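Dear colleague,

Please find below the structure for your review.

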Amino acid sequence: YMTLYKPIVLKEGGKPIGMYFVGQSREHEIAARDSMIIKNIAAAAILLLISIAITFYIVSKIIKPVPILAKSVEAMSSGDMSHDVLINSSDELGKLAEQFNRMRKMLSDLIGQVVDSSNTLASSAGQLSDNAENSSTSIEQISRLVSDMSQNATSQVAFADQTKDTIDEMSKHIMKTSDEAEQIAVLTQNTVDATKNGRNAINQAVVQ
């Protein structure tokens, strides 16, 4: 038996006059203990099952959007930025999906600007190439004109030299004549000087 004793004491004197006795058979105590253990085990099992179900629900709710997000990231890494991540949730994954969509839009706009700038640059490069070809053609034409002018200037210089020689001979004969011949000589000398100045100008034009 499982027993419990407690004395019965009077208030006046404080001396015990008897005692309480409570007893229970150990078999009943063991049966009650076993029943309590079984109930506790059953309750723990039920709580464990409930916890597993709740955990599975929460984990599945958390993990389910992850493949969607991973698929969108993979598509974006392959160059496809036309799809948003559709996760209707207010938790961290929902916020992550919202930030991902913003990032995708920003990258898409940035790539569009880069493409437009590249097209503009290609167009400008084509125009520069055309202008360079036109400039090259103009330079070739100018070079030909300068070459022709140089040849003409050389011919004029040679003609001027011949003219000077002729005038020098004429001047020798004219010096023997009258005053009018002297005036003609003076005029001839002025002509020679002008011819020299013209030749120098032509030489400078050739150098330029």
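**Helix α2**

The length of α2 agrees with expectation: at 1.5 Å a residue its 13 residues should span 18 Å, and its end C-alpha atoms are 18 Å apart. The expected span is 1.5 Å times one less than the number of residues in the helix. Helices (H or I, at least four residues) and strands (E, at least two) are DSSP runs, numbered from the N terminus.

Four residues of α2 are buried, namely Pro65, Leu69, Ser72 and Met76. They cover an arc of only 60° around the axis, so they lie on the same side of α2; the arc is that of the directions from the helix axis to the C-beta atoms. The face turned away from this buried side carries Lys71, Glu74 and Ser77, which are exposed. Here buried means under 20% relative accessible area, exposed over 50%, and partly exposed in between (1.4 Å probe, protein chains only). After α2 comes Gly79, with a positive phi near 105°.

**Basis of the model**

This is a predicted model, in which local features need pLDDT of at least 70 and side-chain atom pairs count only at pLDDT 80 or more, while totals for chains, interfaces and linings use all residues. Residues are numbered from 1 along each chain as its sequence is written, and side-chain values use heavy atoms, with hydrogens and water left out.

The predictor's confidence in each residue is given as pLDDT, from 0 to 100. The protein averages 79, and 84% of the residues score at least 70. Among its elements, α2 has the lowest mean pLDDT (74), whereas helix α1 (residues 26–63) has the highest (89). Where pLDDT is low, the predicted coordinates should not be read in detail.

**Overall arrangement and core**

The protein has 4 helices and 2 strands, in the order β-β-α-α-α-α from the N terminus. Of its 208 residues, 12% are buried.

The largest nonpolar core consists of 5 residues: Leu69, Met76, Val85, Ala97 and Phe100. Such a core is a set of buried Ala, Val, Leu, Ile, Met, Phe, Trp, Tyr and Cys residues joined through side-chain atoms within 4.5 Å.

**The strands**

Strands β1 and β2 run antiparallel and are joined by 8 bridges; two strands pair if DSSP finds at least two bridges between them. Opposite Thr3 stands Gly23 in β2, and opposite Pro7 stands Met19 in β2. The hairpin has 6 residues between the strands, and in it Gly14 takes a positive phi near 80°. β2 is hardly covered, with 0 buried residues among its 9.

The model contains 1 aromatic pair. Rings of Phe, Tyr and Trp (its six-membered ring) pair if their centres lie within 6.5 Å; planes under 30 degrees apart count as stacked, over 60 as edge-to-face and the rest as tilted. The rings of Tyr5 and Phe21 have centres 5.1 Å apart and planes at 40°, so this pair is tilted. Tyr5 is partly exposed, with a relative accessible area of 48%.

Yours sincerely
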